[in-house]
Protein chains: 2
Amino acid sequence: MALGVAARAAIVASGSELVRGDRSDRNGPYLAADLLRRGIEPAGITIVGDDPADLERALRKGLAYDLLVISGGLGPTHDDRTIELLAKAAGVGLRVDSELEAAIEALSRSVAERLRRPYADFVPGVRKQATLPDGAEWVGLVGTAPAVVLPLGDRVAVALPGPPRELQELWPTVCGTAPMRRLLERAVAPERRVLRMFGVSESSVAKALADAGGDGDGVTVTICAREFELHIDLFVQPGADARADELEHAFEEAAGPYVFSRDERSTAELVLDLLRERGLTLGAAESCTGGLVSARLTEVPGSSAVFLGSIVSYSDSVKRERLGVPAEVLKAHGAVSPETAEAMATGAREALGVDVAVSITGVAGPGGGTEEKPVGLVYLHAVGPDGQLSRRLDFPGDRETIRVRASVAALHLVRRLVTKS
Amino acid sequence: MALGVAARAAIVASGSELVRGDRSDRNGPYLAADLLRRGIEPAGITIVGDDPADLERALRKGLAYDLLVISGGLGPTHDDRTIELLAKAAGVGLRVDSELEAAIEALSRSVAERLRRPYADFVPGVRKQATLPDGAEWVGLVGTAPAVVLPLGDRVAVALPGPPRELQELWPTVCGTAPMRRLLERAVAPERRVLRMFGVSESSVAKALADAGGDGDGVTVTICAREFELHIDLFVQPGADARADELEHAFEEAAGPYVFSRDERSTAELVLDLLRERGLTLGAAESCTGGLVSARLTEVPGSSAVFLGSIVSYSDSVKRERLGVPAEVLKAHGAVSPETAEAMATGAREALGVDVAVSITGVAGPGGGTEEKPVGLVYLHAVGPDGQLSRRLDFPGDRETIRVRASVAALHLVRRLVTKS
């Protein structure tokens, strides 16, 4: 690796359920994002099944990079070939690590006991999982598969268990091993600046970037539309601060009022923090989002200090009886109307005994749309101690898109209400 | 491709946000699962950024397969190099397709009008997006990027736009083109048998498979643990029905009582169908799941005919006041107790006016656990016109895992209540 050239990494995720599309790979994105923060550029993520030739080809290709990180294929059965094929691709032998064998044996004996099966059934699997490429070290054991670090001159290959929870628990330890520390010391972790925007189009922000001369000169910019918000990352190499300032200024000129955050807290977390700072509690009345807004808020640990609850009023009867939406309002304006949205929000505020309440009612589709009220029409209303705000969304899309968009917009409506922005 | 050997496909997803882990690739899993159903084996999914060398290498590798499907990199800017590099890797030239150019121009003119920008700004982009490899045809336009089909002798390369909605809309049309039809006719779509289980361990099902001699002989078996359910797929080649019957029998012997479905409806959809068939309505009282159960149910189009609503009672005050959980019950047993779960379910049944109600209360963590009531302890209760069922879950895990597991278990509790199983 030449000086001044960033270290590059290949990621290989192995698993037949991944390559068949039964399950989405979560390890590749996790590792890629973490490597980038540590100053290593992820060059590619390759997903392969359990065909040995496919896996070997992917490993050989990956070994051409400064770092190869492999997830999966470390299990006890013969289908799990990561270690064997990594050794083959790297041109090293295999050995059984007796210390590792003892550690896996201890785990497996307790599993055998719990399942009431003879330990003898487990012996071949334990021996297999304790087999390492020559020169490799192992770290940690969450399940029965270890993380394996194989230094290869200046380069490093790492094998991690496939279950995301195990992988994420072991990865920081892997980064602390001597071969990984040497690699990471050569990498230059860039400074990262974050701008998050809501309510502005990706193309206008991309145009602002292009008009300002684009990225480069030590600043890498990614503009990512994620759940109807724009996440702009500036990765700034040492010495490129002035250029980063220029670009940041250009974004602010073009879309300053739309910037709502400069960190990576989820929008739900940010809204909960804003309310907590002001000593306010929150509740919701959800119709077309059917619980999504509440689910997002309660994803945040500690949300119970702010979010007291919600009423998912999917039917008109629940809107009337639990939220007190007047039957006349429903009859005159329909369930999807600004009037119903307002009545839902004020009703939820009272029924739940909260300071701030937000309501969502709309046509999520695919059925139920009319010419007057098409699929994608959503009304939002937020009410608090100092006032209220309402919003109308009218975007086509599939059911999931409409529900998610409405949920995100509901959180932003609460944010705008409490920050008076 | 030799007769009797399945056609194999490589999938390449291009996008710097994907390789950096900012966003998970959804196109690879979608295409892989669909190809498998059409009898083409997905050999690998490769995710690369916008580095031309990385993309070209992935395309060259992909062209070695019967089918290469590429998503992304078809945009109007110079960073979008899929077409240029596909032509290079395939050794063919480039040409501007005038019919395509006219179609993209029409779209772009209306965009220009909406954005109040001169159409001249769009001209280079339109020309770029209308450029195709020699010999390629284009189909469809959802945004301004077409789907491109390039026949290469017996093989086919396909380029699709990156946005999942556009890709999924164009893909069936692509499969209907002459080059794809020829390829698909050579493929043998396997029969697919599905068994879904809840409440049984992956290892005991894997053992049943191993004891029965494993897969092979024309039957491919995948066992996938997904959201605490096991999904078993048997892909059966023509002539292998007898062997598939044997394996299916082995699974039923080992875990028959745990089989709850033989199709791919989501569990929420299945539960809604069971209730609809019986003319029953459903509601929920959610504490630690905070709206997740309701969100899953309302994900299903038409759920409003069965699911009337829920009360997300995150705070004790909402449990008392909206669900009528007696203060004494909360005081004597705590919010996380079988007694509170029962009172929540019966309270929700009454408050929401539904036939069946399910409740969930537990400690999702990471804080709030005690020795007596550790993180992961969850009580569920379902009550209907003919009786009630309750369940205690006690698994460690992170907040998300505990919430999802509790949500899935709540749906299964309703299923068991209404099917009396």
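Biologist: Which residue is the bridge partner of Val312(A) in E14(B)?
Modeller: That is Ser310(B). Please bear in mind that this is a predicted model, where local features need pLDDT of at least 70 and side-chain atom pairs count only at pLDDT 80 or more, while totals for chains, interfaces and linings use all residues. Residues are numbered from 1 along each chain as its sequence is written, chains are lettered from A and ligands numbered from 1 in the order in which they are written.

Biologist: What makes E14 of chain A and E14 of chain B count as a pair?
Modeller: Strands are DSSP runs of E with at least two residues, and helices are runs of H or I with at least four, both numbered from the N terminus. Two strands pair if DSSP finds at least two bridges between them. The two E14 strands, each covering residues 307-313, have 5 bridges in the antiparallel sense, so they meet the cut-off.

Biologist: How many residues of chain A are in contact with chain B, and what does "in contact" ask for?
Modeller: The C-beta atoms of two residues, placed from the backbone, must lie within 7 Å. By that rule, 57 residues of chain A are in contact with 57 residues of chain B. The side of chain A that touches chain B has 25 nonpolar, 21 polar and 11 charged residues. Here Ala, Val, Leu, Ile, Met, Phe, Trp, Tyr, Cys and Pro count as nonpolar, Asp, Glu, Lys and Arg as charged, and the others, Gly among them, as polar.

Biologist: How do you know that the copies meet through the same surface?
Modeller: 100% of the interface residues of chain A are also interface residues in chain B, so the copies use the same surface.

Biologist: What rotation and shift superpose chain A on chain B?
Modeller: A rotation of 180° does it, with 0.0 Å of shift along its axis and an RMSD of 0.1 Å. The two copies are therefore related as by a two-fold rotation axis.

Biologist: What pLDDT does chain A average?
Modeller: The average is 92, and 99% of the residues score at least 70. pLDDT is the predictor's confidence in each residue, from 0 to 100. For the complex, the predictor gives an ipTM of 0.85 and a pTM of 0.85.

Biologist: Why are E10 and E12 of chain A said to stand at the edges?
Modeller: The open sheet has 4 strands in the order E10-E11-E9-E12 (chain A), with antiparallel pairing. E10 (219-226) and E12 (259-261) of chain A each have a single partner strand, so one side of each is left without a neighbour in the sheet. Neighbouring strands here are turned by 30° against each other on average, direction ignored. E10(A) pairs with E11(A) over 8 bridges, and Ala225(A) stands opposite Leu230(A) in E11(A).

Biologist: At what angle to E10(A) does helix H9 of chain A run?
Modeller: H9 (residues 202-211) lies across E10 and E11 of chain A at about 170° to E10(A). Axes are lines fitted to C-alpha atoms, for helices over the stretch in contact, and angles run from 0 to 180 degrees between N-to-C directions.

Biologist: How many bridges join E9 to E11 in chain B?
Modeller: There are 8, and the two strands run antiparallel. Phe198(B) stands opposite Glu229(B) in E11(B). E9(B) also pairs with E12 (residues 259-261) of chain B, over 2 bridges.

Biologist: Why is Glu101(B) called partly exposed?
Modeller: A residue is buried if 20 or more other C-beta atoms, placed from the backbone, lie within 10 Å of its own, exposed if 12 or fewer, and partly exposed in between. Glu101(B) has 16, so it is partly exposed. Glu101(B) has its place in helix H5 (residues 98-115) of chain B. Beyond its neighbours within four places in sequence, Glu101(B) is in contact with Val96(B), Val126(B), Arg127(B) and Ala130(B). Val126(B) is 25 residues from Glu101(B) in sequence and 6.5 Å away, C-alpha to C-alpha.

Biologist: Which residues of helix H2 of chain A are buried?
Modeller: Among them are Leu31(A), Ala32(A), Leu35(A) and Leu36(A). The buried residues of H2(A) pack against elements of both chains, including helix H7 (164-175) of chain A and helix H1 (16-19) of chain B. Across chain A, buried residues make up 46% of the 421 residues.

How values were computed:
Copies are superposed by least squares on the C-alpha atoms of residues with pLDDT of at least 70 in both.
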